[in-house]
Amino acid sequence: MASKDMVALGAQSSVIRDLFAYGQAQAAIVGKENVFDFSIGNPTVPPPDSVAEAICHIVQSEPAVGVHGYTMAAGDRTVREGLAAYMNKTYQAQVTADNFYMTCGAAASLTISLKALVENATDEIILVAPFFPEYTVFIKNAGACPVILPPDTEHFQISPAALEAAITPQTVAIILNSPNNPSGVVYAPETYAAVAEILKRKSEEIGHPIYIISDEPYREIIYDGKPIVYVPKYYANTIICYSYSKSLSLPGERIGYILVPPQVTDAHTIYLAVCGAGRAMGFVCAPHLFQKVVLQCMGQVADIELYDRNRKLLYGSLTEMGYECVYPDGAFYLFVKSPEADATAFSEKAKKLCLLIVPADSFGCPGYVRISYCVEEAMIRRSFPVFKKLIDGYKE
Ligand code: PLP
């Protein structure tokens, strides 16, 4: 017998995957150039040249048995030392190799961190809408309950009042994601300061720490010179979940890490719990070759100029047509208010025109759609008459 929950999860389709599959099928019928697929967040900028150079150099210069062999469960010590040095230089983080656990990307970082923190079936993890839909899957898998903060549709920051109201004695952690998928918004320093003040006060009130799990796969994909925030500077009880999927355009290589900074309450115990959770779930020894590659490419980022151009082009043009768009400071998503209350109905109308945009209901934000702009600029330009036709249909 199979687990009913897992069968249901495996069988469940995702709106994004469905739209993507529809796009592929339509392309075969009407031609690729007539399908405008903004559904999936797959990086379109190639990795920096240094990635291929590092792969060649490592494979050619190091003994194969070592390169392809096991590392420690937490990852190669030299790699973790390099990471610590980088984080100390860049963010004055005051961390060491022993604060890092290498993982297979952000999804693994999140599932391990949640498993490490959750103790009881009544434990609650707070999510801020809009959020990456897989969070609810990860939280349930860890055996906890998601508690959803409604979206602040004015600024897409975090409402202090809503956060305060959501915290209970069962609150274990809050997942924050900035730059945000799907809104593209970057949380302001004031937002972190306000969240930190509430979490500190409430942690004391309920008698145990509330952790921030900071999900940061888009950390460096940030525009207009906005500063990157090192979240532990605002709130000591922060666990960072990082991934190179987007910053180095390596989503298929599955490489990232968890950082439990020493300032975290009971940091060593939490780190041991991370090691234990990684072990229990079989997430040990992240891909060795790519541990070595990220060490050699430390601090580098794929050329995000293309995303920035697409961002400006889409935001400017859609706003001019009459769409209400959230100004994106980071990541590669444009969040757009649906011209009718039902974003799924809006997305269906768009789909009929082969324009594939994702209704944000599953992101916890009904009434909005997500447009992923990690696509070819030429496709964006070809899509404009279709976007125009769509919005004009609501003006008649
Ligand atoms: N978190 C967010 C907000 C994401 O958008 C994604 C992927 O799109 C992930 C986590 C998972 O990233 P990874 O591919 O590194 O597992």
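## Domains

The protein splits into two domains: domain 1 covers 4–48 + 302–395, and domain 2 covers 66–296. This is a predicted model. The C-alpha centres of domain 1 and domain 2 are 27 Å apart.

## Domain contact

Domain 1 puts 28 residues into the contact, and domain 2 puts in 29 residues. On the side of domain 1 that touches domain 2, two elements give two or more residues: helix 12 (305–321) and strand 10 (333–337). By class, that side of domain 1 holds 19 nonpolar, five polar and four charged residues.

## Overall fold

The protein has 14 helices and 13 strands. Its radius of gyration is 21 Å, close to the 21 Å that the globule rule gives for 396 residues, so the protein is as compact as a globular protein of that length. The C-alpha trace spans about 60 × 55 × 55 Å along its principal axes.

Of the 396 residues, 46% are buried. Take the contacts between residues at least 6 apart in sequence: 75% of them join residues at least 24 apart.

## Ligand shell

Around the ligand there are 13 residues. Those that come nearest are Gly105, Ala106, Ala107, Ser243 and Ser245. Helix 6 (residues 105–117) supplies the largest share of this shell, with three residues. Sorted by class, the shell around the ligand has seven polar residues, five nonpolar and one charged.

Notes
Residues numbered from 1 in each chain as written. Predicted model: local features only at pLDDT ≥ 70, side-chain atom pairs only at ≥ 80, totals over all residues. Near = placed C-beta within 6 Å. Helix = DSSP H or I, 4+ residues; strand = E, 2+ residues; numbered from the N terminus. Nonpolar A, V, L, I, M, F, W, Y, C, P; charged D, E, K, R; others polar. Domains from an automatic or database assignment. Contact = placed C-beta atoms within 7 Å. Rg over C-alpha atoms; globule rule 2.2 N^0.38 Å. Buried ≥ 20, exposed ≤ 12 C-beta atoms within 10 Å, placed from the backbone.
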